[in-house]
Amino acid sequence: MPGQQIKPKSPLCCTVKAGLISLNLTNNPWVFFCPFRYYFTLNLKDKSMTNEYNNNGVHSIFFTDAAPTNGRDIHSRFLSHLEYSLVKDTTTVQPWDIYYALSLTLRDKLIERWLRTQYEYRKRDVKKVCYLSMEFLMGRLLKNALINLDAFDKAYDMLKQMGYDLEDIVEQEPDMGLGNGGLGRLAACFMDSLATGSYPAYGYGIRYEFGIFKQSIVQGYQVEEPDHWLKNGCPWEIRRPEITYRVRFGGRVLEKKDADGLPIFDWVDTEDVMAVAWDVPIPGYKVDNVNNLRLWQATATDEFDFDYFNSGDYVKAVEKKNISENISKVLYPNDNFHLGRTLRLKQEYFFVSATLQDIFAAWKQDHDDFEGFADKNAIQLNDTHPALAIPEMLRIFIDEEGLSFLDAWKITKKVFSYTNHTILPEALEKWNIRLFEELLPRHLMLIYQINNHVMGEISRAYPGNFVRMRNMSIIEESPEKSVRMAQLCMHGSHTVNGVAEIHSEILKERVFADFYQMRPEMFQNKTNGITPRLWLRSCNPQLASLITEHIGDAWVSDLSQIRALEPFAQDADFLEALREVKLINKKALSKHIYQSVGVRVNPEAVFDVQIKRLHEYKRQLLNVLGTLARYYQIKQNPQGNYVPRVVILAGKAAPGYFMAKRVIKLINSIADVINNDAEINDALKVVFLPNYNVSLAEKIIPAADLSEQISTAGFEASGTGNMKFALNGALTIGTLDGATVEMAQEIGEENMFIFGLRADEVTEIKSKGYDPWKYYHADPMLRQVVDSIRKDTFCPDEPGLFVPIAQSLLENGDPYLMLADFEDYVSTSFQADELYLKPNEWDARVVLNIARSGKFSADRSIAEYARDIWKIEPVDVSNAMTNSSNQE
């Protein structure tokens with residue numbers, strides 16, 4: 001109703017908030033409708049602007065077209081989405097609608113850049129990398145998009161004028177349920193860095209309808225609930241029904257002969273599902289490049305069977321649809337059962353088959369043959385989960401494109417590279433031959449063919465060395481015949497890399513020693529990194545502002561620049577400001593802790609944090625032992641002068657991982673005792689925060705004083721939590737394991753709290769015969785702690801509940817050497833207390849941790865991958881965007 005004038009006959013009260021008009025007559029209220037695309041002016045006879053416009057009231061209200069004249073402006077797009085995309089007016093709008101409309105507005109801007117970026121990549125025929133990962137732990141995208149598009153301040157001001165707080169709106173967004181642990185978070189950081197570095201890159205994964213699970217704690221136990229993150233829709237994703245591929249399972253393979261008598265294979269009688277593409281645009285920081293994350297959703301080839309329906313069997317009519325869609329239903333089904341393992345293998349093949357078909361389709365748009373295919377395509381396997389891409393590429397080349405095995409194998413090996421993420425034997429994927437043959441018979445044939453080929457190469461290089469052949473074979477003969485996916489990756493890739501220097505050396509010396517001796521040139525190290533956009537600029541804005549105020553903001557896109565902060569370790573004013581920032585963050589976390597679990601904590605205490613996936617080698621149990629030692633020491637002398645400490649843990653245990661779930665129960669049981677012990681008061685609190693995810697980490701990490709990185713030396717591949725904590729000003733208490741080794745080299749061991757056996761000492765003590773009972777009998781405090789666990793001190797109503805934990809430490813040999821490291825760990829923890837009482841010394845080390853974290857940027861990692869492994873170059877699309885804008 002532009003230009004319409006309304007003249008009320010009675011005095012009015014007018015309240016303006018959130019772009020809404022609340023008008024009240026003196027005697028009775030008006031219900032007043034206002035579309036978002038109009039704004040209003042108030043012409044007042046009384047210019048005093050008092051709280052109540054009752055001095056003759058409002059003279060008139062004029063509605064005119066929205067003030068911004070540029071339809072591409074963030075404000076006008078936002079209002080348009082509220083009205084036209086969400087069908088909301090001022091009487092129905094909710095905070096979720098504000099979040100959704102703002103996200104759609106930013107997505108519009110991303111799509112413009114995305115289209116131009118993809119066009120430029122194709123036009124220039126650049127070499128690109130495809131990053132294949134079963135997980136992308138993206139977290140929330142809104143805030144990161146605002147920062148990368150340099151739109152944060154505009155959005156903040158716009159929402160403030162409407163009466164909304166941007167931080168509250170950000171909280172409306174659920175974490176994307178596409179990942180679980182460090183593997184997925186690394187993939188997400190890498191996607192951000194690839195776009196920021198302007199590298200032509202594509203991410204490929206699965207669009208899980210449900211995340212791994214939503215964790216709740218009921219009477220101390222982990223309880224898994226569905227994580228339906230898509231329940232209300234996701235504004236960032238774009239469904240691409242025109243990009244759909246058929247994925248086949250089961251069936252049988254027919255062998256025929258061609259005109260030359262050569263064998264050709266036909267995979268028939270298969271059970272098929274369809275893979276539908278969903279795209280998520282990934283922006284770089286202050287660059288015009290927007291890369292693509294393509295996620296596959298499984299759908300049925302036939303949505304509905306009318307024959308069954310017409311016969312009255314309504315369940316059977318949709319059964320095929322339901323079975324097909326299970327493939328992309330949930331992240332990591334419990335694989336303790338045959339059906340779970342079957343579904344997991346189906347997920348892995350479904351994802352790589354659709355991805356390879358997509359890559360081939362893109363290639364064939366502009367090329368008539370496969371000459372130069374390996375020169376234009378690099379594929380990175382993020383661990384062994386996408387390993388089936390190797391035989392799938394062979395299948396396409398041989399069965400569909402008519403290449404010989406040797407020609408196909410030559411191209412395939414030039415395309416793939418493999419990142420290993422674990423040295424744990426049980427974590428190196430293997431698949432039972434019978435299951436493999438049942439689901440993927442043609443691929444099993446190709447794997448046997450690959451194995452015969454590489455075994456021939458090995459036997460020629462090392463005649464008669466059957467031990468080496470057994471170690472390098474893709475097929476494991478015992479204890480049950482299986483396909484070893486790590487060996488498949490090693491043979492099918494031109495490069496393998498570890499993710500920290502110590503990890504890469506262990507791969508050479510232990511895990512893949514035979515491969516290293518035969519092909520040393522294929523081994524590289526690429527130490528992991530984190531994106532400073534999310535893990536400082538976004539999650540810790542006060543600290544980011546303080547740093548930028550003193551050294552500028554170049555560090556956001558070049559973290560090596562943060563070294564300029566180092567001189568401020570001796571600046572008293574800076575250290576005081578740093579303390580204020582930390583206290584603000586700790587107060588915010590204290591509030592969240594109380595709201596989440598009902599425990600009041602002292603923000604002046606040391607916040608001692610261990611947040612990560614529950615696993616025995618990560619040694620959350622050692623943290624428990626150390627916490628109990630502290631508790632008993634305080635109990636023995638309650639009047640002592642103790643530095644208050646809040647021990648904060650979070651993390652999920654796999655649904656079928658008995659010991660990890662029992663440790664969660666133990667943590668919550670000791671928390672119940674300690675937190676309710678009046679004699680202890682605030683000297684010690686223990687908190688387990690449920691449902692750990694990226695957004696929770698963003699709350700915890702800025703508030704941490706101590707970062708627990710206490711895995712058994714030689715077991716953690718890298719870790720990235722250690723980097724996030726250091727960059728946000730937490731001091732590390734940890735072993736020399738994973739990337740913590742390199743952090744100690746960069747930051748200085750003197751600025752960390754390093755304890756425990758080194759990796760070589762772990763190997764030595766195990767080779768000589770480790771005896772945990774020796775440590776148990778020699779240390780009275782350790783004995784008291786372990787006995788309290790096995791003697792039901794913390795489970796009087798459930799006798800024997802924690803006996804399996806005590807048995808793992810004693811009767812079962814303590815495989816992760818917790819008792820061996822206990823004394824040093826406890827002693828080092830109390831050393832941290834002593835330093836905390838010297839705030840200037842503590843904060844000086846905090847500054848050095850932040851300033852010397854520059855190496856641990858994902859931008860640096862990606863630059864090394866691009867240069868050394870993928871051989872790709874940045875592609876600047878800014879000129880194309882400028883020309884496009886000028887034409888418009």
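Me: What should I keep in mind about numbering and confidence?
Reply: Residues are numbered from 1 along each chain as its sequence is written, and side-chain values use heavy atoms, with hydrogens and water left out. As the model is predicted, local features need pLDDT of at least 70 and side-chain atom pairs count only at pLDDT 80 or more, whereas totals for chains, interfaces and linings use all residues.

Me: How many helices and strands are in the chain?
Reply: The chain has 35 helices and 27 strands, taken as DSSP runs numbered from the N terminus (helices H or I, at least four residues; strands E, at least two).

Me: And what share of the residues is buried?
Reply: Of the 888 residues, 59% are buried, where buried means under 20% relative accessible area, exposed over 50% and partly exposed in between, with a 1.4 Å probe and protein chains only.

Me: Ok, salt bridges. How many in the whole structure?
Reply: The search finds 54, each being a side-chain nitrogen of Lys or Arg within 4 Å of a carboxyl oxygen of Asp or Glu.

Me: Where do R294 and D279 sit?
Reply: The side chains of R294 and D279 form a salt bridge at 2.7 Å, N to O. This pair links distant parts of the chain, with R294 in strand β14 and D279 in strand β13 (residues 271-283), 15 residues apart. Salt bridges with shared partners also join R240, E242, D279, R294 and D358 into one network.

Me: Are R294 and D279 buried or exposed?
Reply: R294 counts as buried because its relative accessibility is 10%, and D279 is buried too, at 1%.

Me: What about E171, which residue does it bridge to?
Reply: E171 pairs with R140, the closest N and O atoms being 3.2 Å apart. E171 lies in the loop between α5 (166-170) and α6 (182-196) and R140 in the loop between β6 (128-132) and α3 (142-148), so the pair ties together parts that are 31 residues apart in sequence.

Me: Switching to the surface, which residues form the negative patch?
Reply: D368, D369, E371 and D375 form it; patches are made of residues with over 30% relative accessible area and no salt bridge, like charges being joined within 9 Å and nonpolar side chains (Val, Leu, Ile, Met, Phe, Trp, Tyr) within 5 Å.

Me: Where is E371?
Reply: E371 is in the loop between α10 (338-366) and α11 (373-376), and it counts as exposed because its relative accessibility is 68%.

How values were computed: Accessible areas come from the Shrake-Rupley method with a 1.4 Å probe; for residues, only the protein chains shown count as cover. Lys and Arg count as positive and Asp and Glu as negative; His and the chain ends are not counted. The place of a charge is taken as NZ of Lys, CZ of Arg, CG of Asp or CD of Glu.
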